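Biologist: I would like to learn how to read the features of a model. Please take me through one.

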Amino acid sequence: MNEILLGIDPREQSIPALVWAAAEAERRGLPLRLLVAVPPAHDRLRYDALAHQSALRLRAESAIANAEDLVRELHGGLRIATERVNGVPVTVLRDLAAHAALVVVGSRRLGRVAEVFSESSVVVPLAARAECPVVVVREPEHSAVHPPTLVVGVDGSESSRAAVAFAVEEASLREARLRAVWVWPPSVLARDDVAEGLAERRRLLAESVAGWAQRYPDVSISQEVLRGHPVEQLALASQESLGLVVGRRGRGGYSGMWLGSTVHGVLHRAMCPVITVPLPHREGRTGDPAWADRSRSRRPKNGESKADRGDREIGGPERRPRP
């Protein structure tokens, strides 16, 4: 199923995440799926557990109904499906991400340790493991800034190339310019040849974005090499941006290490929505990530309305779209 998936938190509904997801669904001509997961009750007597679960279900139903009402006010023609399921939220969202174009969540602003290890955490574990791009809307996008700008972090890695592929398409959808940023940290072990190092990184940055201007001639792409700490510089770049796109990079046994320190840092420091892009599991004939192929295939065809295509794609016995 090709859709935008929005995770609803019944305890603290994120209006910026809801607004972002609805607008993105309209831009891409995709249905929006509103999902709320009710976690299991632990460490309670049976009577208390049943009462607690009942209260959680009522709160979940109210949250998802309010979210749907708001989306319909903002985008009356958008195709919407709602669903309440039982399960750990991050597990439910991660499993459904395999069939989504994007997963969008808000941020409860947990501390770094709680965000990684707490059972209630969603942002870091989901961004680290989901099979599609994950959008974390901690702060609203800066839509009043002109020209509208999207920022992508580049470091020459395979993960950053996947981020560039996503960012160029997103900039095209938004009629925005793309700012490709390479952050070069100062060396503490040796004296750098600044001129030579700068020239080398400019060359690598140019290679990372090569070819995209020809494929997306409507997107103006600027290239910058900045000196400093990657998290600090990317956070500064996010202050007037529609969004910050970064590749998911890192290895290790828990989700924070899977993300990589830079991505983990910008999730807490960025002043705009952050989009983490995973490595593709396979490559299409064009060399694009698999999720990028699915996303482009969902654009409306000539003579086909978004509503027509939404009716065709969102059907199925497991959906209960409301009229």
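Biologist: Which residues does Ser241 touch, not counting residues up to four places away in sequence?

Modeller: First, the ground rules. This is a predicted model, where local features need pLDDT of at least 70, side-chain atom pairs count only at pLDDT 80 or more, and totals for chains, interfaces and linings use all residues. Residues are numbered from 1 along each chain as its sequence is written, and side-chain values use heavy atoms, with hydrogens and water left out. Contact means heavy atoms within 4.5 Å. By that test Ser241 touches Glu141, His142, Thr149, Leu150, Val151 and Cys272.

Biologist: Where is the place of Ser241?

Modeller: Ser241 sits in the loop between α9 (230-237) and β9 (243-247). Helices (H or I, at least four residues) and strands (E, at least two) are DSSP runs, numbered from the N terminus.

Biologist: Is Ser241 buried or exposed?

Modeller: Buried means under 20% relative accessible area, exposed over 50%, partly exposed in between (1.4 Å probe, protein chains only). Ser241 counts as buried because its relative accessibility is 1%.

Biologist: Which residue's backbone oxygen lies 3.2 Å from a polar atom of the Ser241 side chain?

Modeller: That of Thr149.

Biologist: How do I read the sheet, and in what order do the strands come?

Modeller: Strands of a sheet pair through backbone hydrogen bonds, either parallel or antiparallel. Two strands pair here if DSSP finds at least two bridges between them. Ten strands form an open sheet, ordered β3-β2-β1-β4-β5-β10-β9-β6-β7-β8, with mixed pairing. Its edge strands, β3 (80-86) and β8 (221-227), each pair on one side only.

Biologist: In which sense do β1 and β2 pair, parallel or antiparallel?

Modeller: Strand β1 (residues 4-7) and strand β2 (residues 32-38) are parallel, over four bridges. Gly7 stands opposite Leu35 in β2.

Biologist: How far apart are Ala270 and Ala237 in sequence and in space?

Modeller: They are 33 residues apart in sequence and 8.5 Å apart in space, C-alpha to C-alpha.

Note on methods. A polar contact is a pair of N or O atoms within 3.5 Å; within protein, one must be able to donate a hydrogen and the other to accept it, and residues adjacent in sequence count only if both atoms are side-chain atoms.
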